[in-house]
Amino acid sequence: MSGSDYSEASDERARNEDGDQEKFHLFGRQKPVHSSLGGGIPADVILWRNKQISGGLLAGSTVIWLLFEHIGYHLIPFVCQSLIFSLATLFLWSNLSFFVKKSAFEFPEMSLPEELCASIALLLSDRCNKAFSFFREVALGKDLKKFLYTILGLWAVSVIGSWFDFLTLVYMTFVMLLTMPLFYEKNEDQVDSYARKATAKLKRQYSTLDEKVLQKLPKVPFIAGSKQQ
């Protein structure tokens, strides 16, 4: 290969690498953020397309969290007293509307669609079955790396969970759900660039760890013996 051909091949390879870097998206996303979130009303709420609903959900969740965490309210009294107030207001309005010459409030009939309940049940069962299958594979002792990753992940979750109570974790998750996707959509290029660099660095560190530690760990002898028997 001549010098000019080698130079052209190097330039072409560099362009391809640049193109791969430009195509990198967080979590391997290939679609727009709105489509990746499933589209429709849920994605509109998460990305603040409908600011009234998104703001109302954020404000409502903050009020509920403050009631439970700082005022000392409890869930069951909160639900019951909210229902008492709502039912009493509607009951009085329905009976007094005739005297004040106002039309009575027509409370709509509410019912959960069977298709929605069935899809939620199928989704939950699928996720639970995948979790059970994953933990079963870890417990069988066939993959040491997966076992170490699982133990490390559970330990990290337990440490984070010890810092906050359950309600605070739920509230923080909900706030992140309503803020992080919007932040990512508005700063997509910068976030993808940092994520690409961080991913490359983590891969290099994992390769070093795998070469110096994981590959030198002893194999479990009784697994091979049990398979031969």
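The model is predicted, so local features are given only where pLDDT is at least 70 and side-chain atom pairs count only at pLDDT 80 or more, while totals for chains, interfaces and linings use all residues. Residues are numbered from 1 along each chain as its sequence is written, and side-chain values use heavy atoms, with hydrogens and water left out.

## Overall picture

The secondary structure comes to 10 helices and zero strands, where helices (H or I, at least four residues) and strands (E, at least two) are DSSP runs numbered from the N terminus. Read along the sequence, the pattern is therefore α-α-α-α-α-α-α-α-α-α. Of the 229 residues in the protein, 12% are buried; buried means under 20% relative accessible area, exposed means over 50%, and partly exposed lies in between, with a 1.4 Å probe and protein chains only. The accessible surface comes to about 18,700 Å², and 66% of that surface belongs to carbon and sulfur atoms; such areas come from the Shrake-Rupley method with a 1.4 Å probe, and for residues only the protein chains shown count as cover. Among contacts (heavy atoms within 4.5 Å) between residues at least 6 apart in sequence, 53% join residues at least 24 apart.

## How helices pack

| Helix pair | Angle | Distance between axes |
|---|---|---|
| α4 and α8 | roughly 165° | within 11 Å |
| α6 and α7 | about 120° | 9 Å |
| α8 and α9 | about 95° | 5 Å |

Angles under 35 degrees count as roughly parallel, over 145 as roughly antiparallel, 65 to 115 as roughly perpendicular, and the rest as oblique. With its angle of roughly 165°, α4 is therefore roughly antiparallel to α8.

The angle of about 120° between α6 (residues 114–139) and α7 makes α6 oblique to α7. Their contact is made by Phe 134, Phe 135, Glu 137 and Val 138 of α6 and by Lys 146, Phe 147, Thr 150 and Leu 154 of α7, and α6 passes α7 in a left-handed crossing.

For α8 and α9, the angle of about 95° makes α8 roughly perpendicular to α9. Phe 183, Tyr 184, Glu 185 and Lys 186 of α8 make this contact with Glu 188, Val 191 and Asp 192 of α9.

Helix α9 (residues 188–212) has 25 residues and reaches 36 Å from its first C-alpha to its last, close to the 36 Å expected at 1.5 Å a residue; the expected span is 1.5 Å times one less than the number of residues. Within α9, Val 191, Asp 192, Ala 195 and Asp 210 are buried, and what covers the buried residues of this helix includes α7 (144–163) and α8 (166–186).

Ser 54 counts as buried because its relative accessibility is 0%, and Ser 61 is buried with a relative accessible area of 15%. Leaving aside neighbours within four places in sequence, Ser 54 is in contact with Asp 44, Val 45, Trp 48 and Leu 178, while Ser 61 is in contact with Tyr 171 and Phe 174.

Trp 48 is found in the loop between α3 (40–46) and α4, and has a positive phi of about 60° although it is not a glycine. Most residues other than glycine have a negative phi.

Leu 182, in helix α8, also touches Trp 48, together with Ile 46 and Leu 47, when neighbours within four places in sequence are left aside. Leu 182 and Val 33 are 149 residues apart in sequence and 9.1 Å apart in space, C-alpha to C-alpha.

His 34 has its place in helix α2 (residues 33–36) and, at 22% relative accessibility, counts as partly exposed. Not counting residues up to four places away in sequence, His 34 touches Gly 39, Gly 40, Ala 43, Asp 44, Leu 47 and Arg 49. His 34 and Leu 47 are 13 residues apart in sequence, and their C-alpha atoms are 7.5 Å apart in space.

Note on methods
Axes are lines fitted to C-alpha atoms, for helices over the stretch in contact, and angles run from 0 to 180 degrees between N-to-C directions. A crossing is left-handed if the near helix is turned anticlockwise from the far one by less than a right angle, and right-handed if clockwise.
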